[in-house]
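Have a look at it first, then read on.

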Amino acid sequence: MTFAFRVGQGFDVHALVTGRPLIIGGVTIPHTHGLQGHSDADVLLHAVTDAVLGAAGLGDIGRHFPDTDPAYKGADSRVLLRAAWGKVREAGWRVVNVDATVHAQAPKIGPHAAAMVANIAADLEVEAGAVNVKAKTNEHLGYLGRKEGIAATVVALIARA
Ligand SMILES: Nc1ccn([C@@H]2O[C@H](COP(=O)(O)O)[C@@H](O)[C@H]2O)c(=O)n1
Ligand SMILES: C[C@@]1(CO)OP(=O)(O)OP(=O)(O)OC[C@H]1O
């Protein structure tokens, strides 16, 4: 049966390490630590990518861009998001809205949220009002609260174009 709307969810987490830039939502944030990964480790864009791929039933980021492929070493996750979105768009979908939460004890995400929204909206070819980026600390609880990593959770609604 074909439906006019589909929902997808995405989750990602990367470890915080020294000697790497911190890139979240396509924004480089001045910080003591950055995220470890095969690509630029943009945890938010990876979760957005999985949410839109999942909504369309197109698998996940690792299926399309394997972390064993040298082609994606140091990859700009905005390039990966645009490529994934192109596949979803080609399948006949448009984005209705995306809602994201970045789980970071530090740094503060709020001052950068508008820039992240602009990047995600541009990459998904939708107006900025369709994208929302929120943030939560982990109240110093668990591995996120100990600043061992940063996670992101995302939901995306897509509709038949
Ligand atoms: N990395 C973060 C975490 C939180 N914020 C903002 O602070 C508010 C309160 O966070 P709690 O985890 O204490 O509930 C939250 O609503 C965000 O506006 C942030 O900007 N960056
Ligand atoms: C983005 C990819 C690209 O190789 O690698 P990582 O940066 O390691 O990120 P992750 O979310 O662990 O896996 C998805 C991979 O597709």
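Which residues come nearest to ligand 2? Among the 13 residues around ligand 2, the nearest are G37, H38, S39, D67 and Y72.

## Before we go on

This is a predicted model, where local features need pLDDT of at least 70, side-chain atom pairs count only at pLDDT 80 or more, and totals for chains, interfaces and linings use all residues. Residues are numbered from 1 along each chain as its sequence is written, while chains are lettered from A and ligands numbered from 1 in the order in which they are written.

## An annotated spot

In the unreviewed UniProt entry, the annotation "binding site" covers D12, H14 and H46 (such annotations may be inferred rather than shown by experiment, and positions follow the numbering used here, with feature names shortened). They span 35 residues in sequence, yet no two of their C-alpha atoms are more than 10.2 Å apart, so they gather at one spot.

D12 sits in strand β1 (residues 5–17), and H46 in helix α1. (Helices, H or I with at least four residues, and strands, E with at least two, are DSSP runs numbered from the N terminus.) D12 counts as buried because it has 23 C-beta neighbours inside 10 Å, and H46 does too, with 29. (Buried takes 20 or more other C-beta atoms within 10 Å, exposed 12 or fewer, and partly exposed is in between, with C-beta atoms placed from the backbone.)

## Who touches whom

Skipping residues up to four places away in sequence, H46 touches D12, I61 and S77 (contact: C-beta atoms, placed from the backbone, within 7 Å). D12's contacts, with neighbours within four places left aside, include V43, H46 and A151.

Methods:
A residue is near a molecule or strand if its C-beta atom, placed from the backbone, lies within 6 Å of it. Two residues are in contact if their C-beta atoms, placed from the backbone, lie within 7 Å.
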